[in-house]
Amino acid sequence: MVDDRTREAAFALHRFGLGPRPGSIAAIASDPRGALLAELERPGVGTINNSDLLTSAQASRAGFEAQAARQAKNVLAQRAQKEAERLAAEERQGMSEEAGKMAEPAKPAAAPQVDPAATPERQNFLKEVRARLDAALLPEIGFAERLVWFWSNHFCISRDVVPNMAGGYEREAIRPHILGRFADMLLAVEGHPAMLVYLNNQVSIGPNSVAGINRTRGLNENLAREILELHTLGVRTGYSQTDVFNFAKVLTGWTILPPVNNPEHGAEFVFNARMHEPGPQQVIDKTYPDTGVEQGRAVLADVARNPATATHIATKLARHFAADDPPPALVERLAKTFRDTDGDLKEVTKTLVVSPEPWSSPRDKLKRPSEWAIALSRAVGGRGDPQRFVNGQRVLGEPLWQPPAPQGFADTEGAWIDGVGARLDIANNVAQRVAGRVDPGEVLADALGPLASAETRAAVALAETRQQALTLALMAPEFQRR
Amino acid sequence: MPALLSSTRRDFLIGSGALFAWAHTPRLARAEGRDPRVLVVVLRGALDGLAVAAPVGDPDWVKLRGDRALVLDGKPPALPLDSFFALNPAMPNLHRLYQAQQATIVHASATPYRDRSHFDGQDVLESGFSKPGSYDSGWLNRALSRLEADGRVNPRGSRAFAVGPVTPLVVRGPAPLMTWMPRQPLPASEDTQARLLDLYVHTDPKLARALEGRKDLVALARDSGMDTKPAGDQNPALVGIARVREYAAEVVGSAARYLAQPDGPRVGALSFTGWDTHINEGAASGALAGLLGVLDGAIAAFERNMGAAWGETVVVLITEFGRTARINGTDGTDHGTGTVALLAGGALRGGRVIADWPGLKDANLYENRDLAATTDLRAVLKGVLKDHLRLDDTVLVNSVFPGSADIKPMPGLLA
């Protein structure tokens, strides 16, 4: 008879964490709930302390400098080629016709080849990936890291639009707040240069502002709409097109310092009063006097504590940690904690752990590709290779920090289940690499323990090769689901 | 705006990078001696219909968009469609098909959704329901599940065909799908796959169903000598529009090779993102022109690889809603309403822009900001499903587009 605590420990590691590492199940088996709560109390939990990493603004400026340097190199190469062509033409003119035909035309100078993998931008990105892999692979449970991933996806940006800031953005705007107040995270996110650029607010100008009057550019309502629809209240919760429009006016002037000609502070946040639409604005039944940057902060503070926001966040958390169809009782309990504590995310997270539903909902939530891939690395004791991880996530449809749209990656089974074939190929590849040093039976015991079904145990035991046995263990339904 | 932070290459992703498809031949169509193919392409992000087919004959057009308006004497000049509309110059292939009566543009059309959330809009577009909500099936899948099948096209499988690891809602649902995805790592052996499938069958039927979809396609590709080897890491963040163009043509072209085969799937779907042009839209020669060029190249690759089967093909390109009629404060357009639906294929009676034109005066615009929608997109989709795949009216109203009894299938779209 398997100890219930052992089963509960394995369950907790998959549902709340990033999957067991060898020994994790035993390590928390005496008190799985207590271990989850204890992880939340670790000093600096969720943050990454790595002085090697650039701030988002530094990374952005470094990218700008590198791009400018490459451009200069190209210009020089083009000049050199023109000069070579001119000399060759002069030489031909001086020759007889016959000899001219035989003379080789000037070879086009090869454009300087830039190896994308060697650019400072790519190096910086891979350093960020390395740090993020460590944060996911090293902790015993990984509950806090799951919270980071949840919030990072909730407040997503895309590397497609903001190429060099994604890692820094997550470290600066998300990680410090996962157990803090929602309103603080909201303010950090919406005022972050990465979000302002991603949702176009850095160029949004109040039509009646000084800049708006002097220039032809004006309002862009993208950020205001997505804050209400995706980040706080949720779609169809009663706000109107007029609210979006007025909120966009409130947010004019929230912009960044251009990196051009500003090597010290380029790509940092700035409130530019010249771009700010003057006057009071009504947003969702309340009029906000024009207090400059404070006007936007006041609206954000109010939408953060709007009851619709509590329900929206509670629903998403319950969907992520319990079931695709979130149990209504859990949603209401989380929302109540959110409302009662003015959005204290530590209290909301604790409510999640001590509620019965995340422990009683059937264990059939399909892991997202990233959750599965990290669980796989943890199970085989891998250190994780940044380049390989990035490639794998692309193949699996969840490229890191590159969601297709501002609502982030989907959190329900329907979006991901058809990718199981691609997972098989990746599992097969990983198994091929590690079969020499990893025992399939041990992986099964370490990663699933009492959760492994008799069928899975039999399939692994009867496999023809260690590689095949490992592939089957990593692809087992109990390992795909949490 | 600093070049470093601008989105010079809009995030144009093959939404899921994969094709999702259904392997049967529709029985009724087969009985008529036809073997029809349909590819549905979902353009996510809300495509600016006015930047695709510009109403150059409307006296208010240039007033509305100023020097951002596509015009016949623009740089580059828009491609004339009829006396009123002209096509974006980035789409010469679509123009060629239009002149050959193999492309149709339905303008000022929209789903019944009238708010401006992408995600609700896409739900309505793909689910086929008239209101947003959380749906677990799409109109195309429900159409397939109600289509009487004339045996299995592919004797090994019984599935529809979708492209990519993230299944678009439009093809989710009861009819089983097969999935093909470009650039996979070296596949697991058939024996490993068979063992895993056996495990899934006994423990997790949903996973079993999903894995079977891959198995059928791998077999189909092997039998026809198609290359499914990995093409290496392609990082879209580091490549220019030319590479994106090549990639899209490769993905859509591969989809065509499946649909073209005698025993291949017959109905497929895929999605592209990147149409959310809030800023520096660049309809004539900027970002949007680049993306439309990518789409145009993909259509050409599809046509080419369909070979003779192009004559029995309809490609349907749809988006969740349009964009504001006027240019916004940042040289882009915000979320709007009416837009275009594009049809291409040798089975069409094309060469027409179908529009009940609402006009562009302030009073004509929906909520004084968007191109008004005068044609319900469901009429277009119903017209294709009815005349091409032979779905009957009752099924279209009851299962495929619930609550659409008032919306009659648009007649005469097919040749």
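D285(A) sits in the loop that joins β3 (281-283) to β4 (286-288) of chain A. In this predicted model, D285(A) adopts a positive phi of about 65°, although it is not a glycine. D285(A) counts as exposed, because 9 C-beta neighbours lie inside 10 Å. R236(A) also has a positive phi, near 55°, and is a residue other than glycine. The loop between α12 (222-231) and α13 (241-251) of chain A holds R236(A). R236(A) has 14 C-beta neighbours inside 10 Å and so counts as partly exposed.

Chain A contains 26 helices and 4 strands. Along the principal axes, its C-alpha atoms fill a box of roughly 95 × 70 × 40 Å. Of the 482 residues in chain A, 52% are buried. Among contacts in chain A with a separation of 6 or more, 70% link residues 24 or more positions apart. Chain B has 12 helices and 15 strands. It comprises 415 residues, and 63% of them count as buried. For contacts in chain B between residues at least 6 apart in sequence, 77% join residues at least 24 apart.

The largest nonpolar core has 133 residues. L334(A), A473(A) and L474(A) have the most contacts inside it. Helix α22 (residues 420-434) of chain A gives the most to this core, contributing 8 residues. The surroundings of A473(A) can be listed. With neighbours within four places in sequence set aside, A473(A) is in contact with P440(A), V443(A), L444(A), V460(A) and F479(A).

Two helix pairs were examined. Two packed helices are described by the angle between their axes and the distance between the axes. The first pair joins the two chains. Helix α25 (residues 466-475) of chain A packs on helix α7 (residues 190-203) of chain B at an angle of about 35°. Their axes are 10 Å apart. The crossing of α25(A) past α7(B) is right-handed. From α25(A), the contact draws on Q468(A), T471(A), L472(A) and M475(A). These residues meet T192(B), R195(B), L196(B) and L199(B) in α7(B). By class, the residues of this contact comprise 4 nonpolar, 3 polar and 1 charged.

The second pair lies within chain A. Helix α19 (residues 369-379) and helix α20 (residues 386-395) of chain A cross at roughly 145°, and their axes come within 10 Å. α19(A) passes α20(A) in a right-handed crossing. P369(A), S370(A) and A373(A) make the contact from α19(A). F389(A), G392(A) and Q393(A) make it from α20(A). The contact of α19(A) with α20(A) has 3 nonpolar and 3 polar residues, with no charged residues.

In chain B, helix α4 (residues 92-99) has N93(B), L94(B), L97(B) and Y98(B) as buried residues. Viewed down the axis of α4(B), the buried residues fall within an arc of 140°, so they line one face of the helix. They pack against β6 (86-87), β7 (103-110), α10 (287-306) and β13 (339-344) of chain B. Just after α4(B), Q101(B) takes a positive phi of about 60°.

R245(B) belongs to helix α9 (residues 241-260) of chain B. It is buried, because 21 other C-beta atoms lie within 10 Å and the cut-off for burial is 20 or more. Not counting residues up to four places away in sequence, R245(B) touches G293(B), V294(B) and G297(B). R245(B) and V294(B) are 49 residues apart in sequence. In space, their C-alpha atoms are 4.6 Å apart.

Chain B also has a cis peptide bond, from K75(B) to P76(B). Its omega is near -10°. P76(B) lies in the loop between α3 (61-65) and β5 (79-80) of chain B.

Definitions and conventions
Residues are numbered from 1 along each chain as its sequence is written. Chains are lettered from A and ligands numbered from 1 in the order in which they are written. This is a predicted model: local features need pLDDT of at least 70, side-chain atom pairs count only at pLDDT 80 or more; totals for chains, interfaces and linings use all residues. A residue is buried if 20 or more other C-beta atoms lie within 10 Å of its own, exposed if 12 or fewer, and partly exposed in between; C-beta atoms are placed from the backbone. Helices (H or I, at least four residues) and strands (E, at least two) are DSSP runs, numbered from the N terminus. The arc is that of the directions from the helix axis to the C-beta atoms. Two residues are in contact if their C-beta atoms, placed from the backbone, lie within 7 Å. Axes are lines fitted to C-alpha atoms, for helices over the stretch in contact, and angles run from 0 to 180 degrees between N-to-C directions. A crossing is left-handed if the near helix is turned anticlockwise from the far one by less than a right angle, and right-handed if clockwise. Ala, Val, Leu, Ile, Met, Phe, Trp, Tyr, Cys and Pro count as nonpolar, Asp, Glu, Lys and Arg as charged, and the others, Gly among them, as polar. A nonpolar core is a set of buried Ala, Val, Leu, Ile, Met, Phe, Trp, Tyr and Cys residues joined through C-beta atoms within 7 Å.
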